[in-house]
Amino acid sequence: GFHAAPATTPADVIKAQLDRGARLALLDARAPSDYVADHIAGAVSVPFYDPEPYFASLPRNVWLVCYCACPHAESGQLAAKLLAKGFKKVTVLDEGLGVWRARKYPTHQGTSP
């Protein structure tokens, strides 16, 4: 159900995969201050404008799902940078955090995922 990068994947597909225990990484492409205010539960902050420090710690064998709140601008830039660094399993959460919240899927506040 995931669409290869930098295409988008619907929120329902991503949520269903999380519910079944699929291994994937949710990457919040927004500024860290936005991440602290509210983010998808389990997501980590990887700012689109400076992702280089995070590349070495990101897994290469699971889907990397990028998202933002705009709904694709920042996450699309992060996805493109990941692809340029050789990551193969990269997608963008279609419509971003807004659709995730609208469906009342879990979010979290603070610095931890």
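**Labels and their cut-offs**

Me: How do you know how many disulfides there are by this rule?
Reply: A disulfide is counted when a pair of cysteine sulfur atoms lies within 2.5 Å, and by that rule the count is zero. Take Cys66: the nearest cysteine sulfur belongs to Cys68 and is 9.2 Å away, so against the 2.5 Å limit Cys66 is in no disulfide. As background, a disulfide is a covalent bond between the sulfur atoms of two cysteines.

Me: Before we go on, what kind of model is this, and which rules apply to it?
Reply: It is a predicted model, in which local features need pLDDT of at least 70 and side-chain atom pairs count only at pLDDT 80 or more, while totals for chains, interfaces and linings use all residues. Residues are numbered from 1 along each chain as its sequence is written, and side-chain values use heavy atoms, with hydrogens and water left out.

Me: What makes Cys66 buried or exposed?
Reply: Buried means under 20% relative accessible area, exposed means over 50%, and partly exposed is in between (1.4 Å probe, protein chains only). Cys66 has a relative accessible area of 0%, so it is buried. Cys68 is also at 0% relative accessibility and therefore counts as buried.

Me: Why does Ser33 get its accessibility label?
Reply: The relative accessible area of Ser33 is 54%, so Ser33 is exposed. Ser33 is found in helix α2, residues 32–37; helices here are DSSP runs of H or I with at least four residues, strands are runs of E with at least two, and both are numbered from the N terminus. Ser33 and Gly110 are 77 residues apart in sequence, yet 9.4 Å apart in space, C-alpha to C-alpha.

Me: What makes Glu95 and Lys104 worth a look for their backbone angles?
Reply: Glu95 has phi near 70°, a positive value in a residue other than glycine. Lys104 is not a glycine either, and its phi is positive at about 60°. Glu95 sits in the loop between β6 (90–93) and α4 (96–102), and Lys104 in the loop between α4 and β7 (107–108). With a relative accessible area of 39%, Glu95 is partly exposed, whereas Lys104, at 72%, counts as exposed.

Me: Why is strand β2 called mostly covered?
Reply: Five of the five residues of β2 (residues 24–28) are buried. Leu24, Leu26 and Asp28 point one way, Ala25 and Leu27 the other way, and all are buried. In a regular strand the side chains alternate between the two faces of the sheet.

Me: How do you know that β2 pairs with β5 and with β4?
Reply: Two strands pair if DSSP finds at least two bridges between them. β2 and β5 (residues 63–67) have five bridges, in the parallel sense, and Leu26 stands opposite Val65 there. β2 and β4 (residues 44–45) are joined by two bridges and run parallel; in β4, the partner of Leu27 is Val44.

Me: Which residues of α3 are buried, and why are they said to share a side?
Reply: Ser75, Leu78, Ala79 and Leu82 are buried in α3. They cover an arc of only 100° around the axis, which puts them on the same side of α3; the arc is that of the directions from the helix axis to the C-beta atoms. Their cover includes β2, β5 and β6, where contact means heavy atoms within 4.5 Å.

Me: Finally, why is the chain called as compact as a globular protein of its length?
Reply: The chain has four helices and seven strands. Its radius of gyration is 12 Å, close to the 13 Å from the globule rule for 113 residues, so it is as compact as a globular protein of that length. The radius is taken over C-alpha atoms, and the rule is 2.2 Å times the number of residues to the power 0.38.
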